[in-house]
Amino acid sequence: MEWLGRAKIDYTTSPKPLSLKEKDGKVTDLLKVCQSAVPPCQLNPLLFNGHAQTMWTAIKSHGPQLRYKRRIFEADHKEFNGSFVVDFAVTDPSAKVEADETLTPRTAYFSEHELEAMGSDDERPMLVVLHGLSGGSHEIYLRQAIAPLVDSGKWEACVVISRGCANSKITTGLLYNARATWDVRQTIKWLRKTYPNRPLFGLGFSLGACILTNYLGEEGSACPLKAAVAVANPWALHISSKMLQSSFIGHHVYQKVLGDAMRTLSMRHKEELDKYTNIDTESLFKLKYLYEFDRAYQCPTWGYPTEEAYYRDASSSDSLLAVRIPFLGINAVDDPIASNLSIPYAEASTNPYTVLCTTSLGGHLGWFEIGGGRWHGKPICNFLNHMAFEVDLDSIDDKAKGTRISGNPKHGTNYDPIRRKMHVNLNQ
């Protein structure tokens with residue numbers, strides 16, 4: 001029963017899920033793979049609803065002690081130039097990492113010698129991870145999810161840091177937004193060139209899940225990733241924002257906490273914002289709520305007329321229609337931040353490449369079990385291990401549903417889920 005912490009699990013996908021061939025010759029499908037990867041969801045009964053699960057994330061436990069080496073990239077995007085960083089998980093247990101005190105815990109920059117030595121012809125699967133709002137590779141929810149893969153000795157992993165986050169420096173006035181797919185696109189291109197034989201997989205959390213899903217939709221059948229997982233995606237940002245503003249706790253707790261995080265982040269980059277933008281930083285730093293920050297920063301910086309226009313344009317619900325690789329989405333129905341009303345059930349039910357897994361309990365990036373463990377890491381690792389080591393990746397048909405564009409030729413109409421109100425050069 002749910003009041004004892006046993007969450008109900010539901011799945012939404014196409015009536016005919018994507019057919020998959022395994023390396024032993026057996027034929028299965030994406031839904032069956034997801035169902036076998038998702039274990040029972042038995043959570044801590046004392047954290048009996050989404051608010052309790054979500055607020056418990058504020059309790060800082062140590063979590064897995066993953067170590068990282070950081071590489072600085074110069075953006076190759078003409079309009080969105082500047083620098084960004086990527087943290088690479090250290091997978092050699094014997095390697096020494098002298099943490100840099102100016103960075104997040106257990107993280108140091110690559111040495112010049114290490115940078116020159118990067119590259120390999122090995123075939124180890126590599127995971128590309130996107131963190132949540134104002135987060136980084138140090139976040140506990142992220143480390144608890146990827147540590148089993150890294151510690152297994154079979155995987156490599158890196159975390160693309162959103163500009164300005166995790167003690168990274170910005171060299172322009174741009175931070176990031178939910179449509180900011182260009183840095184992950186450049187990272188994946190670099191990985192394919194530097195590690196040509198490694199199959200690449202994607203994992204995103206919260207806003208990072210939104211960015212990842214938007215990237216997958218933009219790439220469509222040309223996507224270089226083999227499979228992806230999106231966790232606690234807020235999907236329709238305008239709906240999730242309205243739901244937060246409609247309740248006292250949503251407005252004065254969650255919106256404020258998220259707003260505080262972005263205000264703190266922007267304050268670290270006051271010099272750059274003053275130098276490269278016309279934003280009144282003194283007024284920006286006085287704002288309380290996330291939607292106020294988006295109105296004051298995202299709108300003038302990116303050119304959106306209102307924060308609602310930004311939310312609608314940057315949402316990833318429609319992007320799900322264009323995904324053409326095996327995709328598992330995981331959301332908790334009681335998530336107070338990524339509202340259940342924003343989850344694209346209808347879109348998932350038309351796309352054989354996608355499976356949405358929803359749990360009745362879990363909150364936002366909570367899923368705390370008795371003893372402090374986190375449930376969400378289990379389906380993530382199970383799914384990715386199955387896709388990487390048991391599925392014949394070359395047999396996946398990226399054209400099982402044809403073009404991403406639909407419509408009625410008789411009337412000359414067409415619908416492209418990636419067509420946006422704000423035109424952006426994707427640098428593909």
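User: Before we start, what do the axes of helices stand for here?
Analyst: Axes are lines fitted to C-alpha atoms, for helices over the stretch in contact, and angles between them run from 0 to 180 degrees between N-to-C directions. Please note that this is a predicted model.

User: Where do the axes of helix 7 and helix 12 come, and at what angle do they cross?
Analyst: The two axes come within 7 Å and cross at roughly 130 degrees. That angle makes helix 7 oblique to helix 12.

User: Which residues meet there?
Analyst: From helix 7, Leu237, His238, Ser241 and Lys242 meet Glu308, Tyr311, Arg312 and Ala314 of helix 12. By class, this contact has three nonpolar, two polar and three charged residues.

User: On to helix 11. Which of its residues are buried?
Analyst: Helix 11 spans residues 290–302, and its buried residues are Leu290, Tyr291, Phe293, Asp294, Tyr297, Gln298, Cys299 and Trp302.

User: What covers them?
Analyst: The cover includes helix 7 (237–245) and helix 12 (307–314), along with helix 5 (182–194), helix 8 (248–268), helix 9 (270–276) and helix 10 (281–284).

User: And what follows helix 11?
Analyst: Gly303 follows helix 11, and the phi of Gly303 is positive, near 100 degrees.

User: New topic: where does Glu22 lie?
Analyst: Glu22 lies in the loop between strand 3 (19–21) and strand 4 (27–29).

User: Is Glu22 buried or exposed?
Analyst: Glu22 has a relative accessible area of 5%, so this residue is buried.

User: What does Glu22 touch?
Analyst: Leaving aside residues up to four places away in sequence, Glu22 touches Thr28, Val33, His386, Glu390, Val391 and Asp392. With His386, the side chain of Glu22 makes a side-chain polar contact at 2.5 Å.

Definitions and conventions
Residues are numbered from 1 along each chain as its sequence is written. This is a predicted model: local features need pLDDT of at least 70, side-chain atom pairs count only at pLDDT 80 or more; totals for chains, interfaces and linings use all residues. Side-chain values use heavy atoms; hydrogens and water are left out. Helices (H or I, at least four residues) and strands (E, at least two) are DSSP runs, numbered from the N terminus. Buried means under 20% relative accessible area, exposed over 50%, partly exposed in between (1.4 Å probe, protein chains only). A polar contact is a pair of N or O atoms within 3.5 Å; within protein, one must be able to donate a hydrogen and the other to accept it, and residues adjacent in sequence count only if both atoms are side-chain atoms. Contact means heavy atoms within 4.5 Å. Angles under 35 degrees count as roughly parallel, over 145 as roughly antiparallel, 65 to 115 as roughly perpendicular and the rest as oblique. Ala, Val, Leu, Ile, Met, Phe, Trp, Tyr, Cys and Pro count as nonpolar, Asp, Glu, Lys and Arg as charged, and the others, Gly among them, as polar.
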